[in-house]
Each structure stands twice: as C-alpha cells, then as structure tokens.
Amino acid sequence: MLLKAFVLLVFLVIARQTFNLLLLMGFHKTAYNHWPGPCRTVAPIENGSEGMALTKEGLAIITSGLDIAYRGDRTDPRMAAAEGKLFAFDFNNPDKNATELSLGVDFEFVPHGIGLWESPGEETRIFVVNHRKEAETVEIFKVAGSVADPTVVHVKTVRDPLFRSMNDVLATGSDSFYASNDGYLRYTLWRAVERFSNRYWGSVVHYDGAKARVVIGNQYEPNGLEISKDGRFVFISYPVLSMIDVYERSPETNDLSLQQKIPLGALPDNIFVHPKTGDLWIGAIDITHRYLEAMEDLDKWAPSMILRVRPLGPKDRPFEESKIYDVYRDDGHLMSTSSSAAVYGNRLLVGSVANKLVYCIMETEYKLSSGDDY
C-alpha cells in the first residue's frame, strides 16, 4: 500500500512539473504583430542590444554582443563569436544610426546588464556586467562628451567573490550598486543541473564601494533590476516565474524587503522605470520555446514583446493595484528575442538579446491618471 502511494506521489509530482514546463514553454501560444506606431530597425546593431541605460538628456547607451553560454544555455556559435560593444543612440536625433563607442580597454568584454548613475555635481557613470572567462566583473565607465557626440572612459573594474553568475546591475551611487546573480555556477555542465532542478541558488547583492553582501538570497534566477524615481522601491524580474517583485528599499542600509508580486503571464527580462510617471516598461519573452530555438539557431525568429505596468495604488504601495498594457508585439520578423525597452517622450526603443535594435514612434495614447501621455 505504501509503495503504491509513493509511486502515485512520484507520478503526480512529475505530471505537475511536466504541465508547468509545457505552460512555461508556450506551445499553446501564437505570435501576433502589434506596434504602437511606425517602427524600424536601427543600424548598425545586429548582434544584440540586451541592456539599455537612458540619461535625462535622451542619450541611450546599449550593450551588444552578449553570449549566454556562461549559464549553460545551448547557443548559436555566432553569439560567442560576436564582439562585445557599447552603442549610443540619441533620442533627440532619432533618424541617425546608433554609434559605436570606443571603449579603450584591453580586457575581454562580454557585456550583459547595464546601470546608470546621474546626480547633480557628479560625473555620469554607467555600470556594465561583464562575463569574463575567469571572473564575473562590473565595469564602470565615465560618460563624457555631448549627447550628440558621446564618449566613455573606463574608470575601474569591480570584482567580488559574491559575483557568481551576474545578470544585471543597478547603481545606487558613483561606486555602489545592486547586482543580480541568476544562479551560482557558470561555464560548467552542472549549471544545467542547477537550472532545471529548480535550485534556488540565485541572489541579489549590494556592493557598497568596498565589498558586496547578499541582500536577497535563495532566489530562482533573478534577472533585471530597476529602482523607482524616488529611490524607495526596487523592482526585480523573475523570467521563469513570470513575475516582477516589488521590494521596499532602506536608503540607509540598502536592505530590501518584499512588498508585493506582479504576475505578468510572460517572461520579463529588463525593466525601465519611466522618470515622470513611474510606469514599468518591460522587455519580455512571450513564447519560450521559440526563444530557446532562436538562441540555438539565430536564423530562427522568436517573438518580441514590450509590456507596460501602470501603478494605480497608494503612494506607499503604488503597485498594490496596477494596469498592464501590451504596448508592442512582433512575431520576430522585425526583431527577434526582445529584452529591454527605453522611453523618451512618445518614442520607444526596443532591445534584444541577440538580434537588432528597434525604434518606434508611439501614436497610441496610454492615458495616465495625471492626464499625461506616455
């Protein structure tokens, strides 16, 4: 009797996991096209625009050349062969192509997530996750020049034993930041075991300028990081869980306490917080199996999606109530594998893991409670 009960229990667990996996993979979903207005690709980006940081003046700095083989994913060899780069795009002159930025460094550069620090009286800096073969690092660059003709200067490299398998970075000062570890192991077959056995070995750490400490442990593949315009809340995306978590932040200690969860029904990647409205703009994956197929063969197309989450709750719990807009969808023909978004006025920039960069003029209005658009 006990044996039969045990066998039944094992069967039910396997059936549940299989059902959840099928839902996650999205075999039941269909790709549609829905643009908020005219959209076009932005040359010369072809090998990804995974992360974006946007300055107050409308300068977007974009990472390109990501290779996700570090976490055990099966990838097209062309991803590893792509050169890691930073590009700049000027929202004030959107008809101009993106411009490659000279890095002036002699180390391996495989960029992933990117963060921005802007503060009156301080130099503007960007923070870039770098997947070196020997270590995970954060590269800090100073942004100089003008919006029309920007330059970057490498300031320093940050290393720490708690940088395990980094994904994104969120600046909290000129030398301090949060970083997400989407797992523990890297560049090993054991990472695949870690991922698909649902090991909660991911984390979010905070680096204070001298050393890092874990502020959230035992997480399942935390990904994109962003902060509210008043610095009170930190938003973390969890693609496999199809969730955005909202954390309340202590400005004195940088500790984070979970406030609420926002289910999306899609796999969120990077998050952009609108500086005026506080809305979350999210690069997302809608059909997972198509995304995985595209990572193995870049000639295959994966649908792209941008979601917008508008807070409707009270000031101390802004996302207690919210409304989600489906702003942009593409079946993969214009751009495959969406990962990020940036908004400036009524203009939208859409980034991708390993494909192109898309620019849209948003003609569809999304009215806010304040009466403002976008």
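A contact, in these legends, means heavy atoms within 4.5 Å.

**View 1**
Among contacts in the protein chain between residues at least 6 apart in sequence, 55% join residues at least 24 apart. Helices (H or I, at least four residues) and strands (E, at least two) are DSSP runs, numbered from the N terminus. Residues are numbered from 1 along each chain as its sequence is written, and side-chain values use heavy atoms, with hydrogens and water left out. Because the model is predicted, local features need pLDDT of at least 70 and side-chain atom pairs count only at pLDDT 80 or more, while totals for chains, interfaces and linings use all residues.

**View 2. How confident is the predictor, and where is the pLDDT below 50?**
The pLDDT is the predictor's confidence in each residue, from 0 to 100. Its mean over the protein chain is 90, and 88% of the residues reach 70 or more. Over residues 367-374, the pLDDT is below 50, and this stretch has 24 contacts in the model beyond near neighbours in sequence. Where pLDDT is low, the predicted coordinates should not be read in detail.

**View 3. An open sheet built from β1, β24, β23 and β22.**
Follow the four strands in the order β1-β24-β23-β22, with antiparallel pairing. Two strands pair if DSSP finds at least two bridges between them. β1 (39-41) and β22 stand at the edges with a single partner strand each, so one side of each has no neighbour in the sheet. From one strand to the next, the twist averages 20 degrees; axes are lines fitted to C-alpha atoms, for helices over the stretch in contact, and angles run from 0 to 180 degrees between N-to-C directions. Three bridges join β1 to β24, and here T41 stands opposite V358.

**View 4. A second open sheet, β10-β11-β12-β13.**
This sheet also has four strands, and their pairing is antiparallel. At its edges are β10 (166-171) and β13 (212-219), each pairing on one side only. Direction ignored, neighbouring strands are turned by 15 degrees against each other on average. Between β11 (residues 177-181) and β12 (residues 202-207) there are five bridges, and F177 faces Y207 across this pair.

**View 5. The hairpin of β8 and β9.**
Four residues link the two strands of this hairpin. Eight bridges join β8 (residues 136-145) to β9 (residues 150-158), which run antiparallel. Look for V143, which stands opposite V152 in β9.

**View 6. The largest nonpolar core, with 30 residues.**
A nonpolar core is a set of buried Ala, Val, Leu, Ile, Met, Phe, Trp, Tyr and Cys residues joined through side-chain atoms within 4.5 Å. Which members touch the most others? They are W281, Y328, L348 and L349. Strands that each supply at least two residues include β21 (322-330), β22 (338-344) and β23 (347-352). Another core lies apart from it, with 16 residues, among them F235, I271, V273 and F319.

**View 7. H131 and its partner H112.**
H131 sits in strand β7 (residues 125-131). Is H131 buried or exposed? H131 is buried, with a relative accessible area of 0%. Its side chain makes a polar contact of 2.8 Å with that of H112. A polar contact is a pair of N or O atoms within 3.5 Å; within protein, one must be able to donate a hydrogen and the other to accept it, and residues adjacent in sequence count only if both atoms are side-chain atoms.

Note on methods: Buried < 20%, exposed > 50% of the residue type's maximum accessible area, 1.4 Å probe, protein only.
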